[in-house]
Amino acid sequence: MNILVTGAKGFVGRNLCANLRNIQEGKDRTRPDLKVDEVYEYDIDTDPKMLDEWCRKCDFVFNLAGVNRPKETSEFMEGNFGFASTLLDTLKKHNNTCPVMLSSSQQASLTGRFGNSEYGRSKKAGEDLFLKYQEEMGAKVLIYRFPNLFGKWCRPNYNSVVATFCNNIANDLPIQVNDPNVELELLYIDDLVHEMLNCMEGKEHRCEFDGLDVIPAPYPPKGENAGGIERSSLGGSGAYCYCPVTHKATLGRIVELLHKFAEQPKTLMIPEIPSNSFEKKLYSTYLSYLPKEKVAFPLRMNVDERGSFTELVHTLNCGQVSINISKPGVTKGQH
């Protein structure tokens with residue numbers, strides 16, 4: 001399978017391409033039925049001629065290209081809707097009806113605080129274009145409205161407050177929190193990439209939207225509708241897609257956890273980070289922003305005539321990790 005990834009050097013694209021290459025090179029064996037032959041990485045500095053060639057040869061497209069922080073608001077429509085048009089027209093030119101995934105945003109709902117969003121309007125225009133393309137060409141289209149994303153390689157001071165907080169706290173820079181009670185819906189990059197690989201295997205999660213609320217498919221047949229829910233001609237299959245694993249956390253909780261992570265070299269106390277929890281994913285993200293000189297830190301070795309004891313880390317409820325060295329013939333703590 002040949003995979004075209006647009007926006008390949010962005011946050012999502014970089015993580016996706018790394019995973020695709022691992023599958024291609026046999027380093028990731030968790031998906032034995034998924035075969036990746038070529039990964040075509042297209043970005044703003046790629047020769048435009050390559051788009052034509054790759055659209056002819058690709059078997060799946062991840063369209064992650066887009067504009068988030070332009071100098072002029074008019075660039076939203078040009079960068080988000082305009083490139084989407086170019087991509088689909090090029091696929092049409094080669095009569096390539098392979099599946100196409102579109103990265104959209106919650107702002108495309110144009111509801112609530114996003115009701116007057118130029119960025120949201122450009123994303124909604126892109127969604128409508130893809131749905132029209134699906135009806136016209138019979139190609140499978142997968143539209144994801146992303147919530148707030150976080151994880152390794154996300155650019156700080158750009159469009160992710162988590163990336164900014166992680167970077168600044170890891171590097172002893174100030175942060176600003178206007179309202180610690182603001183709650184975010186957060187999607188971890190590894191969970192998103194897992195869902196994107198599901199798409200390639202035809203295992204995507206389908207949905208509709210009621211404003212910002214996800215309505216997982218199957219939902220009531222078309223016509224048996226609650227007002228405001230966006231529906232499509234796809235009937236009960238769901239016009240949109242979503243990642244089923246997200247987390248909700250306030251800005252205050254995020255900052256509190258990050259400060260605890262930063263204090264670990266002094267306190268040796270690490271907060272509880274259960275498997276698949278938001279805390280564990282945030283901790284992994286924080287470590288990715290830690291400068292090299294902070295990765296290693298000195299530990300206190302308690303030495304006496306019996307040997308030594310060095311504590312590495314401890315938790316509130318799960319005990320500690322330590323190194324206990326006893327000299328020959330010495331018993332310490334019944335060991």
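Okay, ground rules. Since the model is predicted, local features need pLDDT of at least 70 and side-chain atom pairs count only at pLDDT 80 or more, while totals for chains, interfaces and linings use all residues. Residues are numbered from 1 along each chain as its sequence is written, and side-chain values use heavy atoms, with hydrogens and water left out.

Let's start with the helices. By helix I mean a DSSP run of H or I with at least four residues, and by strand a run of E with at least two, numbered from the N terminus. Take helix 1, residues 11–24, and helix 6, residues 189–200: their axes come within 10 Å and cross at roughly 60°. Those axes are lines fitted to C-alpha atoms over the stretch in contact, with angles from 0 to 180 degrees between N-to-C directions. So helix 1 and helix 6 are oblique to each other; under 35 degrees would count as roughly parallel, over 145 as roughly antiparallel, 65 to 115 as roughly perpendicular, and the rest is oblique.

Who touches whom? On the helix 1 side we have, among them, Phe11, Leu16 and Ile23, and on the helix 6 side, residues including Leu192 and Met196. Contact here means heavy atoms within 4.5 Å.

Now helix 5, residues 161–170, and helix 7, residues 251–267. Their axes also come within 10 Å, crossing at roughly 30°, so this pair is roughly parallel.

On to the rings. There are 10 aromatic pairs in the structure. Rings of Phe, Tyr and Trp (its six-membered ring) pair if their centres lie within 6.5 Å; planes under 30 degrees apart are stacked, over 60 edge-to-face, and the rest tilted.

Look at Tyr42 and Trp54: centres 6.4 Å apart, planes at 85°, so that's edge-to-face. Tyr42 sits in strand 2 and Trp54 in helix 2, so the pair ties together parts 12 residues apart in sequence. Are these two buried or exposed? Both Tyr42 and Trp54 are buried, meaning under 20% relative accessible area, with exposed being over 50% and partly exposed in between (1.4 Å probe, protein chains only). They also belong to one aromatic cluster with Tyr40 and Phe83.

Last one: Phe150 and Tyr188 have ring centres 5.2 Å apart and planes at 40°, so they're tilted. Phe150 is in strand 6 and Tyr188 in strand 7, 38 residues apart. Both Phe150 and Tyr188 are buried.
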